[in-house]
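Morning, everyone. Let's take a quick look at one protein model together. Here it is.

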Amino acid sequence: MTDDVAAARAAAEEKSAFSHPPVDPDTTAAYGDDPDHVIDFWTPRGGNGPAPVVVVLHGGAWRAPYDRRHVSPFAAFLAHRGFAVASVEYRRGATQAEGGDPVAGRWPDTFDDVAAAVDALPALIREHLPAGDPRRIVLTGHSAGGHLALWAAARHVLPAGSPWRTDAPAPLRGVVALAPIADFEVADKLGVCGGATRELLGGDDHFAERRPHADPALLLPTGIATTLVQGRADIDVPHAVAESYADAAAKAGEVVGVTLLPDVGHFPLIDPAADACAVVVEEIAQLAW
């Protein structure tokens with residue numbers, strides 16, 4: 001496939017994924033004081049008894065123009081398949097003062113927020129999502145959100161002294177990371193999302209210093225069941241990034257599942273109109289039920 005054909009297909013996939021109107025949640029709750037400290041909740045449609053909870057972390061290269069609204073059709077899709085859903089917002093990088101492109105993420109705010117949200121979830125689920133079972137939580141996330149899902153599940157193996165480190169693993173059924181930015185070294189070499197990983201960590205001056213606190217490929221083994229779902233035709237986050245993470249896990253003595261989907265790019269994984277989205281649901285179900 002030529003570069004032009006690949007780019008055209010990627011553009012069509014992105015257009016399809018963003019063509020769905022946002023879906024309002026059943027309720028929204030705050031986990032902090034900032035306007036971005038909110039979690040949207042969807043009650044599962046159908047079924048009897050408490051349902052597994054899928055926690056969704058949206059992507060968008062940790063940049064401000066992309067918020068949780070663009071994954072609300074995906075969240076609703078999950079709810080219609082019997083899951084309780086919690087979609088987390090967090091602070092992303094603001095537009096540069098000079099009027100340039102938005103910066104990827106904020107250090108340490110983006111990580112502060114995800115840690116706080118995950119810690120607050122069990123209580124918020126009991127209060128705002130009574131149809132959800134806080135004992136059966138699966139983290140999922142797309143692209144930059146896939147990174148955050150892997151990171152949130154690995155906080156117990158963060159370096160000693162890290163402000164986000166926990167004493168024990170999070171009580172999760174597992175993680176299903178969708179086209180995740182899972183290995184910062186490989187992603188940086190490939191220039192993923194316009195160098196977003198380096199921006200997230202504060203640029204050249206801080207990349208090496210902060211990477212041990214943020215790069216999932218350095219935070220292994222987690223002891224938590226993990227599956228990566230990745231399109232082989234993804235030109236936004238190439239599958240080499242996911243494969244490198246899986247290799248790092250294997251070297252650390254942990255088996256990470258990798259589901260590679262042929263002829264699938266970056267966005268069909270969260271597009272309810274795409275067959276790949278049904279595959280994602282199956283992967284989540286295998287861990288959740």
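Start with helix 4. Its buried residues are A144, G145, G146, H147, L148, A149, L150, W151 and A152. Helix 4 spans residues 144-152, and nine of its nine residues are buried. Keep in mind that this is a predicted model.

R155 sits in the loop between helix 4 and strand 6. Is R155 buried or exposed? R155 is buried, because its relative accessible area is 6%, and buried means under 20%. The side chain of R155 forms a salt bridge with D119, 2.9 Å from N to O. D119 is in helix 3, and the two residues are 36 apart in the chain.

Now the other salt bridges. The count comes to 18. One of them pairs R92 with D36, with the closest N and O atoms 3.4 Å apart. R92 lies in the loop between strand 4 and helix 3, and D36 in the loop between strand 1 and strand 2, so this pair ties together parts 56 residues apart in sequence. Both residues, R92 and D36, are buried.

Next, R68 and D40. Their side chains meet at 2.7 Å, N to O. R68 is buried, and D40 is too. Shared partners join D36, D40, R68, E89 and R92 into one network of salt bridges.

How many cavities of 30 Å³ or more does a search of the whole structure find? One. Its lining includes V56, F74 and I270. Strand 5 gives the largest share, three residues. By type, the lining has six nonpolar residues, four polar and no charged.

Terms used
Residues numbered from 1 in each chain as written. Predicted model: local features only at pLDDT ≥ 70, side-chain atom pairs only at ≥ 80, totals over all residues. Heavy atoms only, no water. Buried < 20%, exposed > 50% of the residue type's maximum accessible area, 1.4 Å probe, protein only. Helix = DSSP H or I, 4+ residues; strand = E, 2+ residues; numbered from the N terminus. 1 Å grid on protein atoms, 1.4 Å probe; cavity = no way out; pocket = protein on both sides within 12 Å on 5 of 7 lines; lining within 4 Å. Points joined across faces, edges and corners; volume = space filled by probe spheres on them. Nonpolar A, V, L, I, M, F, W, Y, C, P; charged D, E, K, R; others polar. Salt bridge = Lys/Arg side-chain N within 4 Å of Asp/Glu carboxyl O.
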